[in-house]
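Try each task before you read its solution.

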Amino acid sequence: MRNIKKIFSRDVVALLKNPFALIIAGGLCVLPALYAWFNIYSNWDPYGNTGNIKIAAATEDKGFTDSSGIYVNASDAVIESLKENESIDWILADSKEAAVNGVYNGRYYAAVVFSEDFTECMYQGFLDGLKRPTATYYENEKKNAVATKITDTAISTLETSINKQYISLVVSTLFDKQQAAASNIDATDITETILAKIERAKKTIRNFSIAVQSLIKANDKLTASLDGASSDLGTIRSNLDGVQAGASDVPDMQALADKLNAANSQAAQSVSEALSQLKQAQKTDIKEQKDALYGQLASRISSAKSSLDGLIDSLQSLNAATVNISKGIVLTQLENQSQSLGNLSDRVANASHSENDSILAETEQQIEQQLRSIEQALQTSVSQSLSMLGNGLQQVSTEITQTAENIKGDIDIISSIMESSTTAIDLTNQSFSGMEKNLTYVGLKLDKISEAINAVDQAQMVQGVLHFMQGSSDDYGSFFAQPVSIDTEIIYPVDNYGSGVTPFYTTLALWVGGVVLVSLIKVNADTEGLENPKPYELFLGRYLLFFVLALIQACITVWGNFYLLHVQCMYPRRFLLAAFITSFTFSLLIYALTISFGDIGKAAVVVLMVLQIAGSSGTYPIEILPQFYQKLYIFFPFPYAINAMREAVAGVYEHDFTLYLMRLLLFAAAALVLGLAIRLPFRGIYHFIERRMKDTEMM
């Protein structure tokens, strides 16, 4: 302890005896304060001189003439309001080119240009497809990084102002038209309209209730029908069993097909013989012979028709289960040919009585053509269709059995579906019953509403609505343009930006003060005249001088903050205490690093300062800094010193001030451990590095 006092006393005496050293020491005490004061003063009101920042404004707006013939130009009004705003130096440019070129050459920080349809869109855009008024903003980000943030605020304010003006204009126009309509509104008409709509709703509910009741009755009938259908399905299934059993009794279909083909051939033969009789009749001119031949011709035609009619009857007499597409085709063809033969028989009868030879010859030629056509049809298309029918009839027996089996399977599925349907219908009836009760309840409520409306004086009921509709359109426009009023209540108010950054620059100045001290004052004490000095005595003995000078630096800095700059501070004593503890911690930490690692320690001190300036949340919130700083800043002393001083400047919350100082003192404890214990094993390495650096004659 004696050596510690002796080292400190010797240092103080040596300093007082040397005026030059005393002046330097005084300068070391004032220098950090100057650093803090100049920075605080320069940031005192950084946004107070934004009126010198030039932003150009130009317009290409052609204006708008309303229906009453009045010309307006909204962009001119906006520019006039900008010129009254002293927070930015708005310059009216002659043209768009002048404004934009001014941004390019750096004359203006930014420029705003209004489009040629700006006013027209403001007045008509709401009715013309929601077309917006537009303005183009040009910004020079190269000129200054901070200035662009200020100009962004200015353009945001401009945008808000234009939006408020636009909303106000639209609402004002709307209520101007609404006032004209409100003047023609009769309170009685409104009441009657409301009551009529209520009556219409009640009528609709009654009709709907009737419909629901009808649905319930229909569901009951449907349930009964489903029960009957289930019984019928059982009967059908029994009949199908009979069909399958009788399928083996179906006659030989091939024999039937041969019989049908034979009848068709007989009809074709009769037609062929009729053609022969016709040719003979055409060759003779004897009246008696021609009449005899015509009689034979009519007989052959009649025979052919009889054969076809018999064939048709045979097809139609087939069991219904055998009817298919082939049968339908054959029947159609046979009926057509039978009808043609019938018509032909009548023509033959008429031709036999004709006295005109030319007409008779023409008729005979037509009869011949028809007979040949019928003959060809019977021999080709009808014959082919009968063959197809015969092939199809061979599969009838098998198909009957298979079809009956399939139908039985379908009947089983239908029975299951009908059972499910019966259950669903029962559930639906329950829902309809509940719906009917709800409809009845709603109808009763509407009756009560009608009674309440009839009981209220009509003028009183509508007076409020009409009063609103007939109000001032300008007042409504102003209200809807800014419907929400925000009251700002500041917690921990700070007078100005300079007072807000005082904790950061004071903390930074005290760290700079510690760096300056170790740069100009030796950290290693002289052992001459000491009695067996120990390492901790040498460490603490020389540090006392650094401690005193650091406290003087803190006093001068805080004094200047209060009495030169008049910084806001709610708790000056707490601020001074925080400055003393900060200065003590910083000086001890810097001293320990320097005495432990020499020039390397000084370099580490500078690196720590750089990291803490960027990542201590002194100016920017730590949340917006990179992740590296967000994770690392809690291991720096700066944040705790800054936060403690902020508590003194703006207001203390519970025990935060004490907690910040206690955390700051943890770094002082770490510095003592480093200076008194950790550095001792590395002294040999440190001296070796120091000698090697001196050998270079540059370090």
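The expected span of a helix is 1.5 Å times one less than its number of residues. Keep that rule handy for the opening exercises, and keep in mind that this is a predicted model.

**Exercise 1. Work out how the end-to-end reach of helix 16 compares with the expected span, and find where the helix kinks.**

Step 1: Helix 16 covers residues 535–563, which gives 29 residues.
Step 2: At 1.5 Å a residue, the expected span is 42 Å.
Step 3: From the first C-alpha to the last, helix 16 reaches 42 Å, close to expectation.
Step 4: Now look along the axis: helix 16 has a kink of about 30°, centred on Leu544.

**Exercise 2. Do the same for helix 15, then say how covered helix 15 is.**

Step 1: Helix 15 has 24 residues, so at 1.5 Å a residue it should span 34 Å.
Step 2: Its end C-alpha atoms are 34 Å apart, which agrees.
Step 3: There's a kink here too, of about 40° and centred on Pro503.
Step 4: For cover, count the buried residues: 20 of the 24 in helix 15, so the helix is mostly covered.

**Exercise 3. The structure holds 5 salt bridges. Take the pairs Asp11 with Arg542, Glu116 with Lys62, and Asp599 with Lys602, and say what each one connects.**

Step 1: In the salt bridge of Asp11 with Arg542, the closest N and O atoms are 2.9 Å apart. Asp11 lies in helix 1 (residues 2–17) and Arg542 in helix 16, so the pair ties together parts that are 531 residues apart in sequence. Both Asp11 and Arg542 are buried.

Step 2: Glu116 and Lys62 meet at 3.8 Å, N to O. This pair also links distant parts of the chain, 54 residues apart: Glu116 is in the loop between strand 5 and helix 5, and Lys62 is in the loop between strand 1 and strand 2. Glu116 is partly exposed at 44% relative accessibility, while Lys62 is exposed at 58%.

Step 3: Asp599 and Lys602 form a salt bridge at 4.0 Å, N to O. Both belong to helix 18 (residues 599–615), where being 3 residues apart separates them by about one helical turn. The geometry makes sense: an α-helix has 3.6 residues a turn, so residues three or four places apart point the same way. Asp599 is partly exposed at 45%, and Lys602 is partly exposed at 29%.

**Exercise 4. Classify the ring pair of Trp511 and Phe586: stacked or edge-to-face?**

Step 1: A search of the whole structure turns up 15 aromatic pairs.
Step 2: In this one, the ring centres of Trp511 and Phe586 are 5.0 Å apart and the planes make an angle of 75°, so the pair is edge-to-face.
Step 3: Trp511 is in helix 15 and Phe586 in helix 17 (residues 572–597), so the pair links distant parts of the chain, 75 residues apart.
Step 4: Trp511 is buried, with a relative accessible area of 0%, and Phe586 is buried at 0% relative accessibility.
Step 5: Elsewhere, ring pairs join Phe539, Tyr543, Phe546, Phe547, Phe584 and Tyr591 into a cluster.

Definitions and conventions. Residues are numbered from 1 along each chain as its sequence is written. This is a predicted model: local features need pLDDT of at least 70, side-chain atom pairs count only at pLDDT 80 or more; totals for chains, interfaces and linings use all residues. Side-chain values use heavy atoms; hydrogens and water are left out. Helices (H or I, at least four residues) and strands (E, at least two) are DSSP runs, numbered from the N terminus. The bend at a residue is the angle between axes fitted to the seven residues ending there and the seven starting there. A salt bridge is a side-chain nitrogen of Lys or Arg within 4 Å of a carboxyl oxygen of Asp or Glu. Buried means under 20% relative accessible area, exposed over 50%, partly exposed in between (1.4 Å probe, protein chains only). Rings of Phe, Tyr and Trp (its six-membered ring) pair if their centres lie within 6.5 Å; planes under 30 degrees apart count as stacked, over 60 as edge-to-face and the rest as tilted.
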